Amino acid sequence: MKIISPSILCADFLHLEDICQMLNESNAQWFHLDVMDGMFVPNISFGMPVIKSIRQATEKTLDAHLMIEKPDRYINQFRDCGVDWLSFHIETTPHAHRTIQAIKDAGMKAGVALCPATPISTIEEILPDLDYVLLMSVNPGFGGQKFIPSTIDKIKRLSRVIEERDCPALIQVDGGVNISNAQLLYESGADCLVAGNAVFTSDDPILTIDRILGLR
Ligand code: DX5
Ligand code: ZN
């Protein structure tokens, strides 16, 4: 499966409506929404009001990546904003199983995100419950960072475990994705690539999206 989820974090916030329009016309299937609290990660991004507005501008899948402490507090609010797929960081809670169930009970797809230093073994017990696993290929907090090469091996190992255990989870890869590494990432087992800077600093974002998807 080849999905691309352009990260709105790297877009020009003054022109969000135009950005949504462009993505609607593109082959991108999902919108990636990075929510940061200035605690779990050093940066603060955007929250519910912005997501609500984006929801009004697209019918495509909204994929929210929570980089916040105590993610349980806001699950229903993100659902009410129109989020379809919701991920939180395994490093933020000792009760991931409960959080996953709460996301599903709210009617969304549930994902868990792993920082580069967090081993796959931390999600061994909950893997069958997940709709997706987000592997960070940079340290979370900012767009425009350099891809960490050891992520390739991590994708392959996770992909093997998912296959061996016959789990439905998709693999999403986030950070430093570009035209040059996208095909290798998909071939290694990634189903969904998040791309921020690569898309939004491009002169032709629609073409860049197609190139990442391998369509052109
Ligand atoms: C980083 C975010 C990413 C980021 C990706 O914490 O989770 O989604 O916006 O941006 P690029 O593709 O520029 O690394
Ligand atoms: Zn992200």
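Reader: Which strands each supply at least two residues of the shell around ligand 1?
Author: This is a predicted model, so local features need pLDDT of at least 70, side-chain atom pairs count only at pLDDT 80 or more, and totals for chains, interfaces and linings use all residues. Residues are numbered from 1 along each chain as written, chains are lettered from A and ligands numbered from 1 in written order, and side-chain values use heavy atoms, without hydrogens or water. Strands are DSSP runs (E, at least two residues), numbered from the N terminus. The strands asked for are S2 (30–36), S3 (61–67) and S8 (192–195).

Reader: Where does the largest share of that shell come from?
Author: The share counts three residues. Its source is strand S2.

Reader: How many residues surround ligand 1?
Author: A residue counts if one of its heavy atoms lies within 4 Å. Among the closest are Asp34, Asp174 and Gly196. The total is 21 residues.

Reader: What is the distance from an oxygen atom of ligand 1 to a polar backbone atom of Gly141?
Author: Polar contacts here are pairs of N or O atoms within 3.5 Å. An oxygen of the ligand lies 3.2 Å from a side-chain N or O atom of His65. For a polar backbone atom of Asn197, the value is 2.9 Å. For Gly141, the distance is 2.8 Å.

Reader: How much of the accessible area of ligand 1 does the protein cover?
Author: Areas come from the Shrake-Rupley method with a 1.4 Å probe. On its own, ligand 1 has 380 Å² of accessible area. The protein covers 99%.

Note on methods. A polar contact is a pair of N or O atoms within 3.5 Å; within protein, one must be able to donate a hydrogen and the other to accept it, and residues adjacent in sequence count only if both atoms are side-chain atoms. Helices (H or I, at least four residues) and strands (E, at least two) are DSSP runs, numbered from the N terminus.
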